[in-house]
Amino acid sequence: MWKTIWLVLLVVGMGSFVVTALRVSVRALPELADLLRERGKDEENDQ
Amino acid sequence: MNFGIIDWGIVVLYLVCTFGIGILAARRIKGVADFLVAGRKLRINLAIASLVGTELGLVTMMFMAEEGFRNGFAALIIGVIWGAAYIVIGSTGFIVERVRRLRLLTITEFFEMRYSRGVRALAALLLVTAGTLGMGVFLKAGGMFVVHFTNIPEVYLNHTMTVLVLIVLVYTVMGGMVAVVITDYIQFIILGIGLVLATGFVFGHMGFGRLYDSAETLFAATGQGANPFSHAAYGWWFVIYMLIFNIAGCALWQPVAQRTLATKDPGIGKTLFRTTSAMFFARAFFPIMWGVGAAVYFAGKAEAGTLAATPQLLGMLLPTVVSGLLAAGMCAALMSTYDSYLLAWAGVIVQDLVAPFAGRSLSDKARVRLTRIFVLMIGAIMLVFGIWHQLNCSAYRYLLEVCTIYYAGGLAAIVAGLYWKRATTFGAYCGFILGALLPTLYILEDLLSQGSSHHVRDLCSGNVRGFLSFVLGFAGVGIGSLLPIGKPKALGYPEIEEK
C-alpha cells in the first residue's frame, strides 16, 4: 500500500515542481527586467 | 568520482558571475527598505523564484537526504507536511495577509506595534539566537557536501567553507536584497535543472521498484518500514508538531516573511504560498530519494557520517557536466541561503534591537551601514561555530529544536496579537519565555556537555517536546493575558481592514 502511495505522491510532487519551475522561470524574467528598469529610472530621477 | 576540470570550470564561472551581480546591484541601493525588502516591488513570479531560491538550500538538501538515509521512505512525510502547511496558509491567508497590510520591514516590528518595544526586543533576540545557532549547522552541512561530492580532501573542509562564506559576505554586504533576488533567480534555474537530472540518474541507476523493495528490506532489519505513522522517528506526534511548526515558519521565519513583506500587495503573498507548496513538496522529495538511494547503495553504512553518504553517492553516479551543474547549483543554493539569512538576522538586529532604542536619530544610511556590519559579525560567528560544534543528532532534528526556541512563543504571540483583542504585553512575554523553555534547555545541555548529558533529551521524545513547546507558548499568552497585569493595546492599525 505504501509503495503505491509514495509513488503517486512522488510523481505528483515532482511533476508539480517541474511544471511550476518552468512556468515561474519564464514569467519571472520580464519581472526581473522591470524591477531593474524601475530602479534605473529611479537613479535617473535622482540625478 | 567523476568531478573533473570541466565541472570546476562550471562552478567557478557561476561564482564569478554571482560576484559580478553583487557588485552591480550595490550601485542601486536607495535605503533600508531597498536593502531589506527590494523596495516592496517584487511581483509574484520573481517572489516565488526568490523564495524558492532561498529555501531550496543546500542545507535543506543535505538534511533531507540524511533523513532519507536514516529513515527510508517514511521520511517523505516531511515533504507532505511542508506542502500541506503552505497550502493552508496560501488558501486562508492565515496571519500572512494581515501582516502584509501592515507594511512592516521585519516580523518583529509587529510585536512592538501590538505589544511593546520590550516584547519586540525579546522576540528579536530569540529569533536571532535561533537563526545564528542554525547557521553553524548550515556551514557544516555545506562543507560536507562540497568535500564529499567534489572529492576535495577533508583536511580542506574549513578552508573551502571560509572561501564560500567570504564570497557571500561580499555580495550580501554590497548588494542587499536586490542582489539576493537576482542571484536567487539564477540559482533557482540552475538548481532546478540539477535536481531533476540528479534524481533522474539515481532512479535510472536503481529504478523506483528496486529502490523501494531494497529499502524495505534494509529498514525492516531495524523494524522501521515506509509507514511514517508507525515509524519510531516520526509518528502522529511528529505530524501534529510539524504542521504547527511549518505554519509558524510561514509567518515567522524572517527569510520567508521577507518575501511576503516584499510583495506588491497582500493578494500576491497568498498566491506565493499556494504556488510554492509544490516546491516545498519537491524540496523534500528529491533529496530524500537521494538519501534512500545512498542507504541502499551503501547498505546503510556511513563511514564518513550520515550527512556525507548522499554526496558520495551523487559524486559516483553523476557524469561530468551534470556534476558541475549540480555542484554549481548547490554552491549557489548554499550561498543563496547564507546571503538571505545573513541579511535577515542582521536586519532584525538593526531594526528590532538597535533602532527602537536609538530613537529617530538613526538615519536610513546609518541603518544600512549597521546592517552590513552585523552581516559581517554574524558571518564570523557562523564560521567559528560551524567549525567548532559537533552534531549529536541529525541535522534536521537540531534545526527543529533551534527554530522552536522562537516559533513556539512567536506563533502564539502573533496569532493572539492579530486575532484576539485581549492579548496583553505580559501575556506575550509569558508566551515567548515558556515557549522557548524546553528547546533552550535541550540546546544548552547539548552545547555545554558536548552531547554527553541527556537529562532533557530523556524527559520525552523530540516530537512531544516540540509539541509541548507550542502548547506552553499558547498557554503562556492565554493565561498571561487573562491575568490582571496590564491592558491590551487597541487593534487600531489603519492598514488592516476588518472583514
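Modeller: This is a predicted model. Buried residues make up 65% of the 499 residues in chain B. The fold is helical: chain B has 20 helices and zero strands.

Take helix α8 of chain B, residues 117-150. It has 34 residues, and at 1.5 Å a residue these should span 50 Å. α8(B) is mostly covered, with 30 of its 34 residues buried. Just after α8(B) comes N151(B), which takes a positive phi of about 65°.

Now the charges. Side chains of opposite charge can pair when their charged atoms come close. Over all chains, the structure holds six salt bridges. One of them joins E112(B) to R120(B), with N and O 2.6 Å apart. E112(B) has a relative accessible area of 19%. The cut-off for buried is under 20%, so E112(B) counts as buried. R120(B) is buried too, at 7%. The pair belongs to a network of salt bridges that links E112(B), R117(B), R120(B) and D352(B).

Next, R465(B) and E401(B). They form a salt bridge, the closest N and O atoms being 2.5 Å apart. R465(B) lies in helix α20 (residues 462-482) and E401(B) in helix α17 (residues 395-419), so the pair ties together parts of chain B that are 64 residues apart in sequence. Both R465(B) and E401(B) are buried.

A further bridge stays within one helix. R70(B) meets E66(B) at 3.6 Å, N to O. Both residues sit in helix α4 of chain B, residues 58-71. They are four residues apart, about one turn of the helix. Their surroundings can be read from accessibility. R70(B) is partly exposed, with a relative accessible area of 39%. E66(B), at 3%, counts as buried.

That leaves the partner chain. On the chain B side, 46 residues are in contact with 30 residues of chain A. The size of an interface is often given as the accessible area lost when the parts come together. Here the buried area is about 3,400 Å², and carbon and sulfur atoms give 71% of it. Across the interface the rule finds one salt bridge. It pairs D213(B) with K3(A), the closest N and O atoms being 3.3 Å apart. The count of residue pairs in polar contact between the two chains is three.

Which elements of chain B give two or more residues to this side? They are α3 (44-55), α5 (77-92), α9 (157-206), α10 (208-220) and α13 (266-297). The largest share, eleven residues, comes from α9(B). By residue type, the side of chain B that touches chain A divides into 33 nonpolar, six polar and seven charged.

Technical notes
Residues numbered from 1 in each chain as written. Chains lettered and ligands numbered in written order. Predicted model: local features only at pLDDT ≥ 70, side-chain atom pairs only at ≥ 80, totals over all residues. Heavy atoms only, no water. Contact = heavy atoms within 4.5 Å. Buried area = accessible area lost by both parts, 1.4 Å probe. Salt bridge = Lys/Arg side-chain N within 4 Å of Asp/Glu carboxyl O. Polar contact = N/O pair within 3.5 Å; in protein donor to acceptor, adjacent residues only side chain to side chain. Nonpolar A, V, L, I, M, F, W, Y, C, P; charged D, E, K, R; others polar. Expected span 1.5 Å × (residues − 1). Buried < 20%, exposed > 50% of the residue type's maximum accessible area, 1.4 Å probe, protein only.
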